[in-house]
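Subject: Structure for your attention

Dear colleague,

Please find the structure below, followed by an account of what was found in it. I would be grateful if you would read the two side by side.

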Amino acid sequence: MTTLTPNARRITALGRFELTLLVRNRAALGVALMMPLLMVFVLRSSLSGVEGAAAVGEATLTGGIGMVLLLVVHMNLVSAYVARREELVLKRLRTGEARDLEILAGTALPAACLALGQIAVLAVAGALALDVRMPQNPLLLAAAVLAGLLLLAALSAVTSSFTRTVETAGLTTLPLFLATVLGSGLFAPTDSLPDLAASLCELLPLSGVMTLVRAGWSGGAEGADLLGAGLNALAWIVISVFAVQRWFRWEPRR
């Protein structure tokens, strides 16, 4: 029988606490669980009989993975961190045995698990319903998703530092959402943009992750592109972790 380390036990306990709060919100949980299936149903209806539907469906499914990361992880976690901070939960947890990283990881654990479940449903159900290929490089796709989870968990903690209330979380999460949807090629490739604009878009936080997601699903990416995308994701993770250590707020804003 596997024995959890004290660190893992504390993270798991905090994760169970957050999961309990999530389960109590039946409406939010229902929407979260049904979103991938609803997306697949809408796509199947809209792409039925369309020429090149398989390619469009494949691109849309990879974009859907990015949407799950943004909606389920980033937007949800910013609200969670702000709510726990304003309720003095984070401050009380710091007085116990749990370390700062364990508190942040435990808070993020349910959102990360929910996102992984949604992505798995989206990938399998979407591929079957839309008659598109299954991921060509599952290991690369899994690595890209895990990198996205880590990056967005860190970015969520940073964003919460500049968010006064749960109600304003919708505003503070909007810049990253729009930048990713419009500039990281979530649903439309950036190749059609002018060279300078495309180069700038490649530097956005989730551009590297989304490049790896598309390469993991479709395959055929060149080594240089994968290396650049990996370095982009790694650089933003390092920057975000540093920002969390420097600016994360554990006590309510006054």
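Helices (H or I, at least four residues) and strands (E, at least two) are taken here as DSSP runs and numbered from the N terminus. On that basis the chain follows the pattern α-α-α-α-α-α-α-α-α-α-α along its sequence, with eleven helices and zero strands.

The model is a predicted one, in which local features need pLDDT of at least 70 and side-chain atom pairs count only at pLDDT 80 or more, while totals for chains, interfaces and linings use all residues. Residues are numbered from 1 along each chain as its sequence is written, and side-chain values use heavy atoms, with hydrogens and water left out.

Burial and helices

A residue is called buried under 20% relative accessible area, exposed over 50%, and partly exposed in between (1.4 Å probe, protein chains only). The chain has 254 residues, of which 44% count as buried.

Helix H6, residues 138-161, is mostly covered, with 18 of its 24 residues buried. From its first C-alpha to its last, H6 reaches 35 Å, close to the 34 Å expected at 1.5 Å a residue; the expected span is 1.5 Å times one less than the number of residues.

Helix H5 (residues 100-130) contains Ala-112, and Leu-116 also has its place in H5. Ala-112 counts as buried because its relative accessibility is 19%, whereas Leu-116, at 36%, is partly exposed. Ala-112 and Val-73 are 39 residues apart in sequence, with their C-alpha atoms 6.3 Å apart in space. For Leu-116 and Leu-69 the separation is 47 residues in sequence and 8.9 Å in space, again C-alpha to C-alpha.

Salt bridges

A salt bridge is counted when a side-chain nitrogen of Lys or Arg is within 4 Å of a carboxyl oxygen of Asp or Glu. The count by this rule is three.

- Arg-85 and Glu-86 meet at 2.8 Å, N to O. Arg-85 is buried, with a relative accessible area of 1%, and Glu-86 is partly exposed at 32%.
- Arg-94 and Asp-100 are joined at 2.9 Å, N to O. Arg-94 is partly exposed at 40%, as is Asp-100 at 32%.
- Arg-84 pairs with Glu-87, the closest N and O atoms being 3.9 Å apart. Arg-84 is buried at 11%, while Glu-87 is partly exposed at 47%.

Surface patches

Patches are made of residues with over 30% relative accessible area and no salt bridge; like charges are joined within 9 Å, and nonpolar side chains (Val, Leu, Ile, Met, Phe, Trp, Tyr) within 5 Å. Accessible areas come from the Shrake-Rupley method with a 1.4 Å probe, and for residues only the protein chains shown count as cover.

Asp-191, Glu-202, Glu-222 and Asp-225 gather in a surface patch of negative charge. Asp and Glu count as negative, Lys and Arg as positive, and His and the chain ends are not counted; each charge is placed at NZ of Lys, CZ of Arg, CG of Asp or CD of Glu.

A nonpolar surface patch is formed by Leu-227, Leu-231, Leu-234 and Val-238, which together have about 400 Å² of accessible area. Of these residues, Leu-231 is found in helix H11 (residues 223-247).

With kind regards
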